[in-house]
Amino acid sequence: MNALVVSVGEPDIELASDALWAIGVVAVEERVLVGGAIELWTSLGDDTESVTEALADFGWPWRFETIDETVSETWRLHAAPVWLADDLVVHPQWVAAPATARPGTDLIAIAIEPGATFGLGDHPTTMLSMLALRSVMSADATVLDVGTGSGVLAIAACRFGARRVDAIDISPASVPTTRHNAEINGVADRISVSTTQLADVDGIFDVVVANILAPALIELSNDLLRVLAPRGRLIISGILAANHQHVLDALVPLLVVARGERDGWTAITLQR
Ligand SMILES: C[S@@+](CC[C@H](N)C(=O)[O-])C[C@H]1O[C@@H](n2cnc3c(N)ncnc32)[C@H](O)[C@@H]1O
(Lines give C-alpha, C1' and ligand atoms only; values in the text may rest on other atoms or scores of the structure.)
Protein backbone atom coordinates (compact mmCIF):
# COMPACT_ATOMS: atom_id res chain seq x y z
CA MET A 1 0.00 0.00 0.00
CA ASN A 2 1.23 3.53 -0.79
CA ALA A 3 1.32 6.30 1.78
CA LEU A 4 1.37 9.88 0.57
CA VAL A 5 3.96 11.88 2.50
CA VAL A 6 3.95 15.69 2.43
CA SER A 7 6.81 17.80 3.85
CA VAL A 8 5.64 21.04 5.45
CA GLY A 9 6.94 23.83 7.63
CA GLU A 10 5.15 24.26 10.96
CA PRO A 11 3.13 27.38 9.94
CA ASP A 12 1.71 25.44 6.98
CA ILE A 13 0.51 22.31 8.80
CA GLU A 14 -3.14 23.34 8.98
CA LEU A 15 -3.26 24.75 5.47
CA ALA A 16 -1.62 21.66 3.94
CA SER A 17 -3.90 19.34 5.97
CA ASP A 18 -6.98 21.22 4.76
CA ALA A 19 -5.72 20.99 1.18
CA LEU A 20 -5.29 17.21 1.66
CA TRP A 21 -8.81 16.87 3.08
CA ALA A 22 -10.14 18.79 0.12
CA ILE A 23 -8.64 16.39 -2.41
CA GLY A 24 -10.10 13.42 -0.64
CA VAL A 25 -7.91 12.05 2.16
CA VAL A 26 -9.63 10.46 5.13
CA ALA A 27 -7.07 10.86 7.92
CA VAL A 28 -3.79 12.74 8.26
CA GLU A 29 -1.02 11.79 10.68
CA GLU A 30 1.51 14.46 11.64
CA ARG A 31 5.07 13.19 12.22
CA VAL A 32 7.89 15.31 13.66
CA LEU A 33 11.27 14.05 12.50
CA VAL A 34 14.58 14.23 14.35
CA GLY A 35 15.78 17.79 13.72
CA GLY A 36 12.23 19.19 13.73
CA ALA A 37 11.15 18.69 10.09
CA ILE A 38 7.44 17.85 9.80
CA GLU A 39 5.75 15.31 7.54
CA LEU A 40 2.05 14.69 6.99
CA TRP A 41 1.33 11.00 6.30
CA THR A 42 -1.88 9.96 4.61
CA SER A 43 -3.29 7.85 1.79
CA LEU A 44 -5.26 8.48 -1.37
CA GLY A 45 -5.30 4.85 -2.48
CA ASP A 46 -2.99 2.93 -4.76
CA ASP A 47 -3.88 4.53 -8.08
CA THR A 48 -0.60 6.47 -8.18
CA GLU A 49 -1.36 7.95 -11.61
CA SER A 50 -4.63 9.60 -10.45
CA VAL A 51 -3.04 10.74 -7.20
CA THR A 52 -0.15 12.32 -9.09
CA GLU A 53 -2.70 14.08 -11.31
CA ALA A 54 -4.74 15.30 -8.32
CA LEU A 55 -1.55 16.69 -6.76
CA ALA A 56 -0.33 18.46 -9.89
CA ASP A 57 -0.72 21.93 -8.34
CA PHE A 58 -0.19 20.91 -4.72
CA GLY A 59 1.78 23.60 -2.92
CA TRP A 60 4.15 21.41 -0.87
CA PRO A 61 6.74 18.75 -1.76
CA TRP A 62 5.37 15.20 -1.56
CA ARG A 63 6.36 11.59 -2.25
CA PHE A 64 4.96 8.06 -2.08
CA GLU A 65 6.17 5.57 0.56
CA THR A 66 5.32 1.89 0.58
CA ILE A 67 3.85 0.92 3.95
CA ASP A 68 2.44 -2.01 5.87
CA GLU A 69 -1.34 -2.02 5.27
CA THR A 70 -2.19 -2.76 8.92
CA VAL A 71 -0.55 0.52 10.02
CA SER A 72 -2.62 2.53 7.57
CA GLU A 73 -5.82 1.01 8.95
CA THR A 74 -5.30 2.01 12.60
CA TRP A 75 -7.37 5.22 12.19
CA ARG A 76 -10.40 2.96 11.74
CA LEU A 77 -10.17 1.94 15.36
CA HIS A 78 -10.83 5.53 16.37
CA ALA A 79 -13.55 6.44 13.86
CA ALA A 80 -16.87 7.21 15.56
CA PRO A 81 -20.45 8.19 14.65
CA VAL A 82 -21.01 11.90 14.04
CA TRP A 83 -24.30 13.44 15.14
CA LEU A 84 -25.49 16.32 12.97
CA ALA A 85 -28.85 16.68 14.71
CA ASP A 86 -30.86 14.71 17.27
CA ASP A 87 -32.28 12.64 14.43
CA LEU A 88 -29.37 12.60 11.98
CA VAL A 89 -26.13 10.62 12.34
CA VAL A 90 -23.36 9.49 9.99
CA HIS A 91 -21.49 6.40 11.19
CA PRO A 92 -18.59 4.35 9.83
CA GLN A 93 -19.92 1.15 8.26
CA TRP A 94 -17.90 -0.91 10.76
CA VAL A 95 -19.40 0.87 13.80
CA ALA A 96 -22.98 -0.12 14.63
CA ALA A 97 -25.69 2.49 13.98
CA PRO A 98 -26.41 4.28 17.25
CA ALA A 99 -29.87 4.38 18.80
CA THR A 100 -31.80 7.62 18.36
CA ALA A 101 -30.70 10.46 20.63
CA ARG A 102 -34.31 11.58 21.09
CA PRO A 103 -36.75 8.77 21.76
CA GLY A 104 -39.84 9.01 19.57
CA THR A 105 -38.05 10.59 16.58
CA ASP A 106 -37.28 8.74 13.38
CA LEU A 107 -33.52 8.48 13.11
CA ILE A 108 -31.75 9.01 9.79
CA ALA A 109 -28.56 6.96 10.11
CA ILE A 110 -26.15 7.01 7.17
CA ALA A 111 -23.48 4.28 7.05
CA ILE A 112 -20.25 5.16 5.23
CA GLU A 113 -17.24 3.13 4.12
CA PRO A 114 -14.92 5.89 2.85
CA GLY A 115 -12.30 3.61 1.29
CA ALA A 116 -9.78 5.97 -0.28
CA THR A 117 -12.23 8.88 -0.59
CA PHE A 118 -13.19 11.91 1.51
CA GLY A 119 -16.47 11.89 3.39
CA LEU A 120 -16.92 10.12 6.70
CA GLY A 121 -19.28 12.93 7.68
CA ASP A 122 -16.97 14.35 10.33
CA HIS A 123 -15.51 17.32 8.47
CA PRO A 124 -17.18 20.67 9.29
CA THR A 125 -17.84 21.37 5.60
CA THR A 126 -19.62 18.04 5.14
CA MET A 127 -21.72 18.63 8.24
CA LEU A 128 -22.63 22.17 7.15
CA SER A 129 -23.44 21.05 3.60
CA MET A 130 -25.65 18.21 4.85
CA LEU A 131 -27.64 20.48 7.15
CA ALA A 132 -28.02 23.03 4.34
CA LEU A 133 -29.18 20.25 1.99
CA ARG A 134 -31.78 19.15 4.48
CA SER A 135 -33.17 22.64 4.85
CA VAL A 136 -33.65 23.20 1.09
CA MET A 137 -34.83 19.74 0.09
CA SER A 138 -38.35 19.39 -1.22
CA ALA A 139 -40.01 16.08 -2.01
CA ASP A 140 -38.98 14.76 -5.43
CA ALA A 141 -36.17 17.28 -5.96
CA THR A 142 -33.38 16.47 -8.40
CA VAL A 143 -29.87 16.96 -7.00
CA LEU A 144 -26.34 17.26 -8.41
CA ASP A 145 -23.50 16.52 -5.96
CA VAL A 146 -20.27 17.97 -7.36
CA GLY A 147 -17.24 16.39 -5.64
CA THR A 148 -19.17 13.54 -4.06
CA GLY A 149 -16.18 11.76 -2.44
CA SER A 150 -17.70 8.82 -0.53
CA GLY A 151 -21.19 9.84 -1.72
CA VAL A 152 -22.18 10.95 1.77
CA LEU A 153 -24.08 14.08 0.64
CA ALA A 154 -25.71 12.27 -2.29
CA ILE A 155 -26.98 9.59 0.09
CA ALA A 156 -28.16 12.21 2.59
CA ALA A 157 -30.05 13.97 -0.22
CA CYS A 158 -31.89 10.72 -1.00
CA ARG A 159 -32.71 10.18 2.67
CA PHE A 160 -34.09 13.76 2.76
CA GLY A 161 -36.43 12.95 -0.14
CA ALA A 162 -34.54 13.57 -3.40
CA ARG A 163 -36.03 11.74 -6.37
CA ARG A 164 -32.74 11.44 -8.24
CA VAL A 165 -29.12 12.39 -7.46
CA ASP A 166 -26.31 12.69 -9.98
CA ALA A 167 -22.96 12.46 -8.18
CA ILE A 168 -19.67 13.35 -9.85
CA ASP A 169 -16.04 13.45 -8.76
CA ILE A 170 -12.70 13.76 -10.51
CA SER A 171 -11.34 10.97 -8.28
CA PRO A 172 -11.95 7.53 -9.84
CA ALA A 173 -12.03 5.99 -6.32
CA SER A 174 -15.31 7.82 -5.72
CA VAL A 175 -17.27 5.73 -8.19
CA PRO A 176 -17.05 2.25 -6.58
CA THR A 177 -17.08 3.77 -3.08
CA THR A 178 -20.22 5.82 -3.69
CA ARG A 179 -21.92 2.83 -5.35
CA HIS A 180 -21.11 0.65 -2.35
CA ASN A 181 -22.34 3.29 0.11
CA ALA A 182 -25.52 3.90 -1.90
CA GLU A 183 -26.21 0.18 -1.77
CA ILE A 184 -25.68 -0.28 1.97
CA ASN A 185 -27.96 2.72 2.59
CA GLY A 186 -30.69 1.37 0.31
CA VAL A 187 -30.63 4.28 -2.19
CA ALA A 188 -28.62 2.81 -5.09
CA ASP A 189 -31.63 3.05 -7.41
CA ARG A 190 -31.69 6.85 -7.03
CA ILE A 191 -27.96 7.71 -7.32
CA SER A 192 -25.93 7.76 -10.49
CA VAL A 193 -22.17 8.31 -9.90
CA SER A 194 -19.41 8.96 -12.41
CA THR A 195 -16.20 10.88 -13.11
CA THR A 196 -18.05 13.05 -15.65
CA GLN A 197 -16.63 16.59 -15.63
CA LEU A 198 -19.11 19.24 -14.55
CA ALA A 199 -18.66 20.90 -17.97
CA ASP A 200 -20.09 17.73 -19.56
CA VAL A 201 -23.14 17.42 -17.29
CA ASP A 202 -26.40 17.94 -19.20
CA GLY A 203 -29.67 19.11 -17.72
CA ILE A 204 -30.60 21.27 -14.76
CA PHE A 205 -31.12 20.41 -11.10
CA ASP A 206 -33.34 21.72 -8.30
CA VAL A 207 -30.43 21.51 -5.86
CA VAL A 208 -26.71 21.61 -6.60
CA VAL A 209 -24.24 20.97 -3.79
CA ALA A 210 -20.48 21.48 -4.16
CA ASN A 211 -18.24 20.95 -1.17
CA ILE A 212 -14.90 21.72 -2.82
CA LEU A 213 -12.16 24.29 -2.21
CA ALA A 214 -12.58 27.93 -3.27
CA PRO A 215 -10.28 27.84 -6.35
CA ALA A 216 -12.22 24.86 -7.77
CA LEU A 217 -15.57 26.55 -7.06
CA ILE A 218 -14.40 29.63 -8.93
CA GLU A 219 -13.14 27.55 -11.85
CA LEU A 220 -16.48 25.71 -12.00
CA SER A 221 -18.66 28.78 -11.41
CA ASN A 222 -20.02 29.16 -14.98
CA ASP A 223 -21.06 25.52 -15.08
CA LEU A 224 -22.53 25.67 -11.57
CA LEU A 225 -24.75 28.53 -12.81
CA ARG A 226 -25.61 26.63 -15.99
CA VAL A 227 -26.81 23.45 -14.24
CA LEU A 228 -28.93 25.23 -11.62
CA ALA A 229 -32.70 25.24 -12.33
CA PRO A 230 -34.32 28.74 -12.48
CA ARG A 231 -35.70 28.44 -8.93
CA GLY A 232 -32.95 26.08 -7.78
CA ARG A 233 -30.61 26.32 -4.78
CA LEU A 234 -26.83 26.07 -4.91
CA ILE A 235 -25.01 25.03 -1.72
CA ILE A 236 -21.28 25.71 -1.66
CA SER A 237 -18.81 24.78 1.06
CA GLY A 238 -15.11 24.02 1.40
CA ILE A 239 -14.72 27.77 1.86
CA LEU A 240 -13.46 29.76 4.83
CA ALA A 241 -15.87 31.88 6.88
CA ALA A 242 -13.32 34.69 6.91
CA ASN A 243 -12.42 34.63 3.23
CA HIS A 244 -14.94 33.68 0.55
CA GLN A 245 -16.26 36.89 -1.03
CA HIS A 246 -14.23 36.13 -4.19
CA VAL A 247 -16.23 32.90 -4.58
CA LEU A 248 -19.56 34.74 -4.25
CA ASP A 249 -18.32 37.32 -6.79
CA ALA A 250 -17.74 34.49 -9.28
CA LEU A 251 -21.34 33.32 -8.76
CA VAL A 252 -23.13 36.62 -9.52
CA PRO A 253 -26.13 36.96 -10.10
CA LEU A 254 -26.90 34.36 -7.41
CA LEU A 255 -27.93 35.79 -4.04
CA VAL A 256 -27.08 34.43 -0.60
CA VAL A 257 -30.16 33.03 1.16
CA ALA A 258 -28.56 31.14 4.08
CA ARG A 259 -25.22 30.56 5.76
CA GLY A 260 -23.84 28.10 8.30
CA GLU A 261 -20.52 28.27 10.08
CA ARG A 262 -18.40 25.76 11.99
CA ASP A 263 -14.73 25.74 13.05
CA GLY A 264 -13.81 28.57 10.67
CA TRP A 265 -15.51 26.97 7.66
CA THR A 266 -18.76 28.09 6.06
CA ALA A 267 -21.48 26.66 3.81
CA ILE A 268 -23.55 29.13 1.82
CA THR A 269 -26.89 28.58 0.10
CA LEU A 270 -27.55 30.72 -2.99
CA GLN A 271 -30.39 31.20 -5.43
CA ARG A 272 -31.21 33.43 -8.39
C1 LIG B 1 -13.93 18.11 0.42
S2 LIG B 1 -14.22 16.66 -0.54
C3 LIG B 1 -15.99 16.52 -0.30
C4 LIG B 1 -16.50 15.10 -0.29
C5 LIG B 1 -17.94 14.93 0.14
N6 LIG B 1 -18.84 15.61 -0.79
C7 LIG B 1 -18.19 15.48 1.53
O8 LIG B 1 -18.83 16.52 1.65
O9 LIG B 1 -17.73 14.89 2.51
C10 LIG B 1 -14.05 17.35 -2.16
C11 LIG B 1 -14.20 16.33 -3.28
O12 LIG B 1 -14.25 17.07 -4.50
C13 LIG B 1 -13.54 16.38 -5.50
N14 LIG B 1 -13.18 17.39 -6.51
C15 LIG B 1 -12.20 18.32 -6.47
N16 LIG B 1 -12.24 19.09 -7.59
C17 LIG B 1 -13.28 18.63 -8.35
C18 LIG B 1 -13.83 19.00 -9.62
N19 LIG B 1 -13.32 19.99 -10.34
N20 LIG B 1 -14.91 18.31 -10.08
C21 LIG B 1 -15.44 17.28 -9.36
N22 LIG B 1 -14.95 16.88 -8.17
C23 LIG B 1 -13.89 17.54 -7.66
C24 LIG B 1 -12.38 15.72 -4.74
O25 LIG B 1 -11.89 14.60 -5.45
C26 LIG B 1 -13.05 15.33 -3.42
O27 LIG B 1 -13.60 14.04 -3.47
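**Cores, helices and the ligand site**

Ser 129 is found in helix H5; helices here are DSSP runs of H or I with at least four residues, strands are runs of E with at least two, and both are numbered from the N terminus. The model is a predicted one, so local features need pLDDT of at least 70 and side-chain atom pairs count only at pLDDT 80 or more, while totals for chains, interfaces and linings use all residues. Residues are numbered from 1 along each chain as its sequence is written, and side-chain values use heavy atoms, with hydrogens and water left out.

Back to Ser 129: this residue is buried, with a relative accessible area of 1%. Buried means under 20% relative accessible area, exposed means over 50%, and partly exposed is in between (1.4 Å probe, protein chains only). Not counting residues up to four places away in sequence, Ser 129 touches Leu 153, Val 209, Asn 211, Ile 235, Ser 237 and Ala 267, where contact means heavy atoms within 4.5 Å.

Now for the greasy parts. In soluble globular proteins, nonpolar side chains tend to be buried together. A nonpolar core is a set of buried Ala, Val, Leu, Ile, Met, Phe, Trp, Tyr and Cys residues joined through side-chain atoms within 4.5 Å. The largest one has 36 residues, and those with the most contacts inside it include Ile 110, Met 130, Phe 160 and Ile 191. Helix H6 (residues 152–159) gives the most to this core, with 7 residues. Apart from it lies another core, of 25 residues, among them Ala 214, Leu 224, Leu 228 and Ile 236.

H6 itself is mostly covered, with 7 of its 8 residues buried; Val 152, Leu 153 and Cys 158 are among them. Just after H6, Gly 161 takes a positive phi of about 120°. Ile 191 touches Ala 154, Ile 155 and Cys 158, among others.

Next comes the ligand. There are 15 residues around it, the closest being Phe 118, Thr 126, Gly 147, Asp 169 and Asn 211; a residue is near a molecule or strand if one of its heavy atoms lies within 4 Å of it. A polar side-chain atom of Asp 169 lies 2.6 Å from an oxygen atom of the ligand, and an N or O atom in the side chain of Thr 126 is 2.7 Å from a ligand oxygen atom.

Finally, Arg 259 sits in strand E13 (residues 255–262) and is exposed, with a relative accessible area of 53%. The side chains of Arg 259 and His 244 are joined by a polar contact of 3.1 Å. A polar contact is a pair of N or O atoms within 3.5 Å; within protein, one must be able to donate a hydrogen and the other to accept it, and residues adjacent in sequence count only if both atoms are side-chain atoms.
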